[in-house]
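Welcome! Have the model open as you read.

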Amino acid sequence: MSPDLPGYDEAAALVAAYCARLARLRLPSERVDLSLAAGRVLAQSLRADRDQPPFARSTRDGYACRAHEASKRKFLRLAGASRAGDPPAGALPKGAAWEIMTGAPVPAGADAVMMIEHAEQAGAKVRLLPPRKIEEGENIVAQGAQALEGEELLPAGSSIQSAQIALAAACGHAVLEVFVRPRVAILTTGDELVPVEFSPAPGQIRNSNASMLVAMVQAAGGEPWVLPTAADDAGALDAALAQAADSSLLLITGGVSAGKFDLVEPALARAGARFHFTGVRIQPGKPLVFGELPRDRQLARKARGEQRVLPFFGLPGNPISSAVTFLLFAAPALAALARRLECGPRFALARLAAKTGKHGKPGVPPQRPRAVAGGPGLTRFLPASCTFGGAAGRLPEVTPLPMHGSGDLAALARSNCFLVVPEEAHTLDAGATVRILLP
Ligand code: AMP
Ligand code: MG
């Protein structure tokens, strides 16, 4: 099976290395409000504005004490009380304890906090309940334990999600410096396509790839730019490619197979493309094309950054093929262009379920336990449903979904991952540990 085409690993490594080189070019940044920063990429490292935590903090409700005194389990005099928000108290007198709430500053001299559940209070005295002991440092987070003032908490290139937003908020960063989002041109091709809001004539279908790719590009950190659909016609494709030049990455769908009206590759060649590969030993998605177009100098300067070339992917038009090849190759490339440190794709382990899922056709009984067939010489990626909420200590369980060809959007929409069938596997048996590709 086409031994001259790269296999999945080889093609992925080639794309990753290529995009890592592009990602070293300068890319402008902009400032965004913290509330709008989710999904963006830090352009500067995030630093602690003061020690984190800013004071020695109690992690429990209880009594601040000296561990060696409390461990004798004799009553200690209560010298005061602190609640969260109180300023740090003075020093803890010898032989005394200090009532303290979670989040309050621990008084100087105290080195542990007895939990309220482990202590006995009698009037203004408290002791550790026998036979308990307490160690130095228990239930206290020391000042600066997470970071000292000025220290880097997150490097540039970190993806910003809720946790990073919380950390930025804790450090007083109401505005963040983030990279501009790479603009991703989306060019769908095909005489049969009509826009979503049109009624298709006999033989026509609605353009679902454009809408799907907009969502996928956004999730991968890009700014989608949908071009008008190009007809399967040399002139139309030439004009569309010229228009797409004003972007950082070009995604084309359709027209890359071997058919009479698959005219995308010749159009790319006319536009001066350098092809890095024109097929990969995967299924679906074998006709995937990856390469670069020369970029007009003026446009390169006007567009964000210093990219002198426009990388492109020619994704096969079938929706599942487009989705799989985007996830495997275009999303990591886009993540690199967006300067994300983590560029995917994301694989995980799962256990192959014994039966097909509950999403089979209504009225068709579930199939018997069976093996999944491999495609010799091809790595396969099958839409599958994985249950992640299983018993502790057990792998998630994955079930390939019944599918009617690579255009089966219903199967794609019911899936939450892809089952990976390695190219050397003849079959995968029920119960086997398998890899899944996560969206
Ligand atoms: P192609 O890669 O052009 O040979 O197309 C393969 C299959 O995908 C054909 O059945 C096309 O009609 C379908 N297809 C191509 N582009 C799209 C699109 N943008 N949306 C939905 N289906 C598409
Ligand atoms: Mg076509």
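This is a predicted model: local features need pLDDT of at least 70, side-chain atom pairs count only at pLDDT 80 or more; totals for chains, interfaces and linings use all residues.

Helices (H or I, at least four residues) and strands (E, at least two) are DSSP runs, numbered from the N terminus.

Residues are numbered from 1 along each chain as its sequence is written, and side-chain values use heavy atoms, leaving out hydrogens and water.

Most residues other than glycine have a negative phi, and most peptide bonds are trans. Which way does phi of Arg339 go, positive or negative? Phi is positive there, near 75°. Arg73 also has a positive phi, of about 60°, although it is not a glycine. Arg73 sits in the loop between helix H2 (67-70) and strand S5 (76-82).

Buried means under 20% relative accessible area, exposed over 50%, and partly exposed in between (1.4 Å probe, protein chains only). Arg339 counts as buried because its relative accessibility is 12%, and Arg73 counts as partly exposed because its value is 25%.

| Peptide bond | Omega |
|---|---|
| Pro130 to Pro131 | near 5° |
| Gln283 to Pro284 | near 0° |

Pro131 belongs to the loop between strand S9 (125-128) and strand S10 (140-141). Pro284 is in the loop between strand S19 (282-283) and strand S20 (289-294).

Methods. Chains are lettered from A and ligands numbered from 1 in the order in which they are written.
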